[in-house]
Amino acid sequence: MNIILTTLNAKFIHTNLALRCLKAYAEPEYSPLITEYTIKDPTFNIVADLYQKKPEIVGFSCYIWNIEETIKVIKILKTVDPSITIILGGPEVSYDTNVWLRQVKEIDYIVVGEGEHSFKELLNFLHNKQSLKDVPGVAYVQDDKFILNTLPPKLDLRESPTPYRFEEDIPNLSKRIVYIETSRGCPFSCQFCLSSIEVGVRYFNRDKVKEDIRFLMTNGAKTIKFVDRTFNISRSYAMEMFQFLIDEHQPGVVFQFEITADIMRPEVIQFLNENAPAGLFRFEIGVQSTNDLTNELVKRRQNFEKLKRTVTMVKSGGKIDQHLDLIAGLPEEDYDSFRRTFNEVFEMRPEELQLGFLKLLRGTGLRVEAEKYGYVYVDQAPYEIFSNNVLTFDDILRIKQVEDVLEKYWNAHRMDRTLEYLFDQIFETPFDFFQQFGTFWEERNWSKIGHQLEDLYTRLNAFLESVENLSLPIIQSVMKLDYLSKQKFQPRKPWWENDMTKEVQSNLYSQLVMNPSIAGAEFVELQLNERELYKQTFITPISLCIDSYKQGIIKEKEGYLLSTFGINNAPHFSFIEK
């Protein structure tokens, strides 16, 4: 039989590890073909491509981000060829399987939970090698009766075949994120997360994992992301893997982990700060909330002070970027409480702060208790909430405005000095800046259009012009410095309008040719000739002292900023007094 394993990934760069695990386990008896699409691929094109491959069996890997499009594909595919057997699996369909089978008649079977063994046994049945009732962990409808066969025992992961060495994957290893798992399960019980349902943590064979990582690096993998729910739950295991990755890493490779920050020991962080090459590791840390009552209600054990210690120590080492997550909409966290959560977490200045919104996933404890907390949501993926007993829909819309500008301005790190100045001097808290700017942004419908770098500056400038009691020339000067620091060459059309006459500009250049010392001793040392001066420099009025700025101090002083490009990777800044 011709067997296809498929899914709709969020983007091309993502790969589906589940499909590869199924394929590895099915071999050598069966040889499924893996075919991946994205959720932006037209439905008809996906169906046409699958149909032309003449499959007899198609298995779909289903998640909250692709289930709606997947169902469309299934319905059309089954229409054009009713003989195709449709099998679904994945976290989105492993719960409420009766509902899925009743609502989507085109589904023939659903593989529930950990699917490798069940899928292979189902293939055995479809090849007339065993009875359907003997296939574990499979749900189906027979004679209008819903049937879920007994779930199989958990796999012995130490004996699992590798899913990382398929020849067809090798050409794209350098272009995509490679997902790898060294364990399954989670020791925690967070009621908003599907991982809490599986009790205990199981590990793959360490030596096999190391050999797989060597293989991936040798064949061009650049970004390897561990999908372990808590990579550092075993300190000895985490230390062994960190040491291995440090010892054997190759230039340009980045490893990403989800860690639980409040259980990471200081000596582990010290080891990483002292031994890890800069940029080799990236940590993702789920904070979600700093509200103690909220964490207690969702059964989330978290020591925020220890978490802060970890994040601060890692940041001080300067070796590892950190991505922290928050969830708006958790029980008993109203707008003011979430504002406190945001500010307490933002105070640590993570390289990225992701602001997400609660989704009542099928199978989670919080979905079961939705009525208790007054949750209003639509029972359709991604199951994001609209409100609860302490958070209105208006509150959620306001927080979404924060999310929009947070992503574009802070996470993109396009103007860090400017933002820090605004946080410190103008707005009461970072959250208040993002909220006020986000509301301003939304009122002008900017969320519906694209943005170049210059647009982000002009839009922030427009917002700041509407804010009372601030020194706009100082802030605009910091913005100019942030903008110019990102340029590799002399900018042809900066974000601000021309604020110098040609006569003033010509006069300044004439003075620089005659007496370069007016721009300082460091500029003199550059030894630019007249041609280089005109080709590699840029002059603009500025209202702050550059020497103080370089020391992190914003001090008002009228003059001109002279930016010199092409000397090093970053431009050289000099100051010319008026």
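Which residues does F242 touch, not counting residues up to four places away in sequence? The list runs F231, F257, M264, V268, F271, L272, F281 and F283, where touching, or contact, means heavy atoms within 4.5 Å. This is a predicted model, so local features need pLDDT of at least 70 and side-chain atom pairs count only at pLDDT 80 or more, while totals for chains, interfaces and linings use all residues. Residues are numbered from 1 along each chain as its sequence is written, and side-chain values use heavy atoms, with hydrogens and water left out.

F242 belongs to the largest nonpolar core, which has 122 residues. Such a core is a set of buried Ala, Val, Leu, Ile, Met, Phe, Trp, Tyr and Cys residues joined through side-chain atoms within 4.5 Å; buried means under 20% relative accessible area, exposed over 50%, and partly exposed in between (1.4 Å probe, protein chains only). F242, F255, F281 and F283 have the most contacts inside this core. Helix α17 gives the most to it, with eight residues. A second, separate core has 29 residues, among them F60, V104, I110 and A139.

Now for α17 itself. Helices (H or I, at least four residues) and strands (E, at least two) are DSSP runs, numbered from the N terminus. Helix α17 covers residues 472–485. Eleven of its 14 residues are buried, so the rest of the structure largely encloses α17. Those buried residues include L472, K480 and D482, and their cover includes α14 (416–426), α16 (453–465) and β18 (537–544).

The strands next to come into view make an open sheet in the order β18-β19-β20, with antiparallel pairing; two strands pair if DSSP finds at least two bridges between them. β18 and β20 are the edge strands, each with a single partner, so one side of each has no neighbour in the sheet. Six bridges join β19 to β20, and L562 has S574 in β20 as its bridge partner. Helix α17 packs on this sheet, touching β18, β19 and β20, and its direction makes about 150 degrees with that of β18. Axes here are lines fitted to C-alpha atoms, for helices over the stretch in contact, and angles run from 0 to 180 degrees between N-to-C directions. Helix α18 (residues 502–514) also lies across β18, β19 and β20, but runs at about 105 degrees to β18.

Elsewhere, N291 sits in the loop between β13 (281–288) and α9 (292–297). N291 is buried, with a relative accessible area of 16%, and touches E332, E333, S337 and T341, leaving aside residues up to four places away in sequence.

Notes. Expected span 1.5 Å × (residues − 1).
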